[in-house]
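Subject: Structure for you to look at

Hello,

Please find the structure below, followed by notes on what was found in it.

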Amino acid sequence: MLVNSCFSRVLAGVAAISALAGCAGTGSLLKTELSSVAPWPERIAPAHQDAEIEKRIAHIVSGMNLRQKIGQMTQADIRSITPDQVRQHYIGSVLNGGGAWPGNNKHASAADWIELSKGYYDASLKTDMQVKIPVIWGTDAVHGHNNVFRATLFPHNIGLGAARDPELVGRIARLTARQVRATGISWIFAPTLAVVQNPRWGRTYESYSSDPALVRAYASSFVNSMQGNLSDGSSAIASAKHFIGDGGTWLGKDQGETRATEEELIRIHAPGYVGALDAGVQTVMVSYSSWRDSGTGAAQGKMHGNRELITEVLKGRLGFDGFVVSDWNAIEQVEGCTRTHCPQAINAGIDMIMVPDDWQQFIEQTIADVEQGTIPMRRIDDAVTRIMRVKLRSGLFDTSPIPPASAEADLASDDARNAAREAVSKSLVLLKNTVNSPLPLAADSKILLVGRAADKVPPQLGGWSLTWQGDDTDDRDYPLADDMLSALQKSLGSAGRVDFSEDGIGVDVTAYDAVIAVHAEDPYAEMKGDIPYPASMRHSARFPQDLAVLKRVSGRGVPVISILYSGRPVYINDLLNLSDAFVAAWLPGTEGTGITDVLVRRSDNGSFAEFTGRLPFAWPGDPCPETAVQSDLFARGFGLTTNDHSDLAILPLNDRLTCPSLGQ
């Protein structure tokens with residue numbers, strides 16, 4: 001039938017994803033049951049189940065009482081639970097949320113992290129259970145081990161998407177696993193597989209691209225590399241997130257409603273999960289978002305309560321045999337639930353519940369739900385079986401996750417720093433390069449560097465950098481990092497070749513060979529990072545000082561190179577008009593020298609790295625792209641090389657601060 005033909009094209013490979021565009025009218029997912037002809041790919045049940053492991057699982061689960069099982073399904077934040085409480089309550093997992101560090105010390109050392117990890121691990125093996133079950137620690141290492149002081153931070157995913165290099169993404173995943181294992185942690189909440197449809201979303205930078213095929217290719221490479229053979233000391237458990245449709249919410253609203261037909265949900269938002277599952281991903285995190293089937297108009301509610309998609313599709317048709325974890329207190333958003341009580345989420349198929357603070361109440365109320373028959377015991381046994389399967393496969397039962405002290409070097413190893421620097425260079429997208437552009441700069445150039453972000457590290461890191469939002473930090477928190485000023489000083493070989501002025505006031509621009517102006521969004525993460533409609537997406541409306549400094553240095557007979565740090569494409573026509581060259585640098589991380597590798601010729605042989613980056617998302621040519629007749633200035637995939645010259649005409653300016661009403 002037509003549906004099976006579509007499935008075969010999906011499963012045939014990455015290039016086949018686009019073929020699904022022709023598969024229309026293939027049914028819809030109803031709130032209470034799957035349609036009889038559900039257009040979801042059907043994967044063969046995992047062939048990698050080990051008979052001996054399955055036998056061990058059955059033995060472990062059969063020897064557990066209800067309280068022990070619910071404890072294993074519980075995940076608490078390290079700020080709200082002690083090692084002894086892990087022992088007392090049979091806790092299955094702990095996590096460190098953004099901004100959680102051992103001893104609440106932002107500069108905690110690797111030894112501090114290891115000591116706390118050892119405390120939890122040792123305590124979990126001192127319960128009165130028949131078989132001792134080790135606790136597993138999860139962390140948001142989304143661009144390197146970003147919660148840990150002195151760790152190398154890689155470009156955020158949006159920059160990696162611009163690099164279009166699955167092999168590089170795999171290397172970064174492997175290096176991130178080594179960083180995380182160096183602190184005694186073995187589970188990573190990555191990769192994010194969102195296929196973002198509206199860059200207003202404050203998590204756009206966590207997405208590789210709006211291209212489902214690229215996301216699928218990256219998912220496969222990332223998971224294969226991060227998990228390795230799974231049980232060795234340098235591999236880590238990956239988590240594909242956030243299932244499903246998190247990148248498609250209406251107007252990019254965080255935790256909002258994804259309005260898509262079922263065919264669109266499969267064609268756009270599912271490919272990354274197929275790639276991750278084919279690579280053997282062991283955990284999947286559910287999305288905060290809701291789904292409304294725009295084909296039928298039916299509201300499906302919050303994903304955390306959607307049994308059809310979690311159990312019937314993910315665990316059933318897609319053959320996932322690992323465990324499903326909720327997001328931070330996300331169960332409280334399911335209709336009729338609170339953050340401590342949500343039988344709907346467990347019955348929907350969520351196996352481990354992230355209840356960072358109120359975990360004790362959750363345990364008691366969930367036990368009561370099972371005793372009252374609200375949650376069937378078979379559902380609890382299935383959840384615990386899945387958790388045990390992942391713990392056994394990862395070697396956690398047989399080998400301590402505590403590393404030797406020498407592993408601390410992996411946090412900022414030469415391999416990590418070199419890979420990060422390479423990724424930065426490959427992620428840069430040259431949007432404009434006139435005949436007056438001096439790129440690449442000569443090694444003996446005299447440069448004026450301007451902009452509020454040019455001598456600071458946090459703006460080039462973005463969110464999820466030591467703190468949750470990436471705020472409340474300064475350069476002292478990143479002693480190994482290079483900002484643009486220090487990177488230029490290293491590349492030009494002399495501090496005297498670079499002068500810095502934050503605002504450009506009172507500077508004789510004509511005394512320089514070129515001006516580099518650094519523009520930036522302020523760091524942000526989920527919840528706080530949205531540009532809510534109807535606000536304009538014009539960068540200068542949000543950060544007018546960037547336009548002001550550019551006006552001061554432009555038009556003085558000296559070429560101006562603009563560099564933009566941003567977690568998404570934004571409207572920049574005014575900045576483009578005042579620049580001879582313009583570089584989208586995304587959020588490059590700690591290795592700022594990756595930028596100057598492309599901008600500046602080497603002093604010894606005159607060589608330089610070429611611009612090779614391509615836009616992972618279309619770039620808006622209107623501050624209100626949702627209502628623009630022609631919204632894209634540059635298409636996805638656009639990017640100039642150093643030798644390309646693109647003398648853009650003076651672009652029309654739109655200084656609108658508020659976009660037209662769209663209704664709801």
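How many disulfides does the structure hold? There are two. Bear in mind that this is a predicted model. A disulfide is a covalent bond between the sulfur atoms of two cysteines.

One of the disulfides is formed by C337 and C342, with their sulfur atoms 2.1 Å apart. The link of C337 and C342 is right-handed, with 65 degrees about the S-S bond.

C624 and C659 link distant parts of the chain, being 35 residues apart. C624 sits in the loop between β18 (619-620) and β19 (632-634), while C659 is in the segment after β19. Both C624 and C659 are buried.

Next, the nonpolar cores. The largest nonpolar core has 125 residues. Which residues have the most contacts inside it? They are I70, I244, L309 and M388. If neighbours within four places in sequence are left aside, I70 is in contact with F362, I363, T366, I367, V370 and I380. There is also a second, separate core, made of 40 residues; among them are L448, Y524, L550 and V553.

Helix α7 (residues 166-181) packs with helix α8 (residues 212-227) at an angle of about 35 degrees, and their axes are 7 Å apart. The crossing of α7 and α8 is right-handed. On the α7 side, the residues that meet α8 include P166, V169, A173 and A177. On the α8 side, those that meet α7 include A217, Y218, F222 and M226. The residues of this contact divide into eight nonpolar, five polar and two charged.

Is V313 buried or exposed? V313, in helix α11 (residues 307-317), has a relative accessible area of 0%, so V313 is buried. From V313 to A442 there are 129 residues in sequence, and the distance in space is 57 Å, C-alpha to C-alpha.

Last come some points about the backbone. Most residues other than glycine have a negative phi, and most peptide bonds are trans.

- P191 lies in the loop between β4 (187-188) and α8.
- P534 is in the loop between β15 (514-520) and α18 (539-542).
- W464 is found in the loop between α16 (458-461) and α17 (484-492). With a relative accessible area of 4%, W464 is buried.
- W586 has its place in strand β17 (residues 581-586). The relative accessible area of W586 is 1%, so W586 is buried.

Regards

Notes
Residues numbered from 1 in each chain as written. Predicted model: local features only at pLDDT ≥ 70, side-chain atom pairs only at ≥ 80, totals over all residues. Heavy atoms only, no water. Disulfide = S-S within 2.5 Å. Helix = DSSP H or I, 4+ residues; strand = E, 2+ residues; numbered from the N terminus. Buried < 20%, exposed > 50% of the residue type's maximum accessible area, 1.4 Å probe, protein only. Core = buried A, V, L, I, M, F, W, Y, C linked by side-chain atoms within 4.5 Å. Contact = heavy atoms within 4.5 Å. Axes fitted to C-alpha atoms, helices over the stretch in contact; angles between N-to-C directions. Left-handed = near helix turned anticlockwise from the far one by under 90°. Nonpolar A, V, L, I, M, F, W, Y, C, P; charged D, E, K, R; others polar.
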